[in-house]
Amino acid sequence: MPKKQDRRLNVGVLGCGPIAQFAHFESAVKACNVNLYAICDVAEDLVERMGNTYLPQKRYLDYQKMLDDPALDAVIIATSDAFHVPASIMALNAGKHVLCEKPIGVGVEEVEGLAAAVAKSGKVLQIGHMLRFDPGLEAGRAFAQDEMGQQLAFKAWYCDSTHRYPMTDAVQPLPILSASARKPTVNPKSDLKRYYMLAHGCHLLDLARYYCGEITEVNARLNEKFGAYSWFIDVDFTNGCMGHLDLTVAIRMDWSEGLTLYGEHGSVAAKTYNPWYYKSSDVEIFHEKDATYRRPLGADGHFYRRQLEGFADVILDGAAMRGADIQDGIASVRAMAAVAQSVQSGKSVRLSDVSGLV
Ligand SMILES: NC(=O)c1ccc[n+]([C@@H]2O[C@H](COP(=O)([O-])OP(=O)(O)OC[C@H]3O[C@@H](n4cnc5c(N)ncnc54)[C@H](O)[C@@H]3O)[C@@H](O)[C@H]2O)c1
């Protein structure tokens, strides 16, 4: 485990639900440059149970009270999507840095409003697109940026499996749930198409942008059968690379996630595992100059802890932001909204032309 540094960021986690239990509490306890300073939830039973397990210095039932604590430096927002923007704005207004779960928001206007709040606050806001901290994917991306030359074509796929829960139940801790947990007024799963796009599509779109840069336009088709949804999305990147993204929930086979990128001086191919295995993607980087593959091991596959350490590095040491920032968040929300509009209209949609909810 990484050794704790002397200088550490005091972090408070908002939300003691499954994602905090599966990822953020342990990440904050293990991160070399972070203290799990506080936890907060309106559900008292969750706060008590998680407090006794992870031993934060402070426990809160009221988010504003946690934000009023002068010793708190930053928050991790681990709540439902609909609460991300309001909770982030409250934290920024209180002078706290923010690491917020993905997707950063559910509509174009609200995330643009958040961008204004980030700029006004001068604080750091990073989005929990943790694939950017998968060491295999990071190595592939470094090659794509520094050595690949021009990019020709990119394919990526995120295909959830019908067998996902038996697999993840086997490796995750038992989630502790509470009848008092705060939920959005509209159940996010009441519209599954939208839910899958927000929950999973945002990872795929952010990964595409992480490798190939800005997306200008999308042309998307959706096929819906036997309770399964499959989006095939053609993507144009500013750099002239063409892209194809496949989001399918759920396939009748094992989890399937990965990418290929063909460039001038080589290629990258990646197979990504379900995140709860905490395993770095298997990545092969082919160098045309010596016709050789490189295959990084990526031994430390705890991308949730690594994203938190990266976030703390930005704040404590002024390191460059390696995670997704608010502009990346706006771009992926615009891309999700553009995909939905393109499915509806059957036409290509420019990201700069979209507005409204995803
Ligand atoms: N990065 C990933 O790989 C990944 C994986 C799974 C989920 N997620 C994200 O995590 C989020 C969902 O997390 P979850 O399933 O744990 O959510 P959840 O809704 O089950 O739990 C959230 C908790 O936050 C509490 N809460 C909400 N608002 C609060 C407030 N204002 N004050 C105090 N407590 C408050 C609720 O009471 C609840 O206990 C989603 O945004 C989802 O996209 C990310």
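Q: Arg295, buried or exposed?
A: Arg295 is exposed, because 12 other C-beta atoms lie within 10 Å. The cut-offs are 20 or more other C-beta atoms within 10 Å for buried, 12 or fewer for exposed and anything in between for partly exposed, with C-beta atoms placed from the backbone.

Q: What sort of model, and how is it numbered?
A: The model is predicted, so local features need pLDDT of at least 70 and side-chain atom pairs count only at pLDDT 80 or more, while totals for chains, interfaces and linings use all residues. Residue numbers start from 1 along each chain as its sequence is written.

Q: Where does Arg295 lie?
A: Arg295 is in the loop between β14 and α9 (303-317). Helices (H or I, at least four residues) and strands (E, at least two) are DSSP runs, numbered from the N terminus.

Q: What does Arg295 touch, apart from residues up to four places away in sequence?
A: Val283 and Glu284. Contact here takes C-beta atoms, placed from the backbone, within 7 Å of each other.

Q: And how far is Arg295 from Glu217?
A: The two are 32 Å apart, C-alpha to C-alpha, and 78 residues apart in sequence.

Q: What does Glu217 pair with in β15?
A: Its bridge partner there is Arg350. β8 and β15 run antiparallel and are joined by 2 bridges. Strands count as paired if DSSP finds at least two bridges between them.

Q: What is the strand order in the sheet?
A: The sheet is open, with 9 strands in the order β14-β13-β12-β11-β7-β10-β9-β8-β15 and mixed pairing. β14 (292-294) and β15 (349-350) are the edge strands, each with a single partner, so one side of each has no neighbour in the sheet.

Q: How do β8 and β9 pair?
A: Strand β8 (residues 215-225) runs antiparallel to strand β9 (residues 228-237), over 10 bridges. In that pairing, Asn219 stands opposite Asp234, and Leu222 stands opposite Trp231. The two strands form a hairpin with 2 residues between them, and Phe226 in the turn has a positive phi of about 35°.

Q: Which peptide bonds are cis?
A: One joins Lys102 and Pro103, with omega about -15°. The bond from Val249 to Ala250 is cis too, with omega near -5°. Pro103 lies in the loop between β5 (97-100) and α5, whereas Ala250 lies in strand β10 (residues 242-251).

Q: New topic. What are the domains?
A: The domain assignment gives domain 1 (9-130) and domain 2 (135-300 + 325-353); such bounds come from an automatic or database assignment. Their C-alpha centres lie 24 Å apart.

Q: How many residues of each are in contact with the other?
A: 29 residues of domain 1 are in contact with 25 residues of domain 2. On the domain 1 side, α5 supplies the largest share, 6 residues. By class, that side has 17 nonpolar, 6 polar and 6 charged residues. Nonpolar covers Ala, Val, Leu, Ile, Met, Phe, Trp, Tyr, Cys and Pro, charged covers Asp, Glu, Lys and Arg, and the others, Gly among them, count as polar.

Q: Where is the largest nonpolar core?
A: The largest nonpolar core has 101 residues, and Ala208, Met336 and Val339 have the most contacts inside it. Domain 1 (9-130) and domain 2 (135-300 + 325-353) both give residues to this core, so it lies between them. A nonpolar core is a set of buried Ala, Val, Leu, Ile, Met, Phe, Trp, Tyr and Cys residues joined through C-beta atoms within 7 Å.

Q: What is Met336 in contact with, beyond four places in sequence?
A: Met197, Leu198, Gly201, Cys202, Leu205 and Val358.

Q: Which residues come nearest the ligand?
A: Of the 27 residues around the ligand, Gly15, Gly17, Ile19, Thr79 and Ala181 come nearest. A residue is near if its C-beta atom, placed from the backbone, lies within 6 Å. The shell divides into 16 nonpolar, 5 polar and 6 charged residues. α1 gives the most to the shell, with 3 residues.

Definitions and conventions. Contact = placed C-beta atoms within 7 Å.
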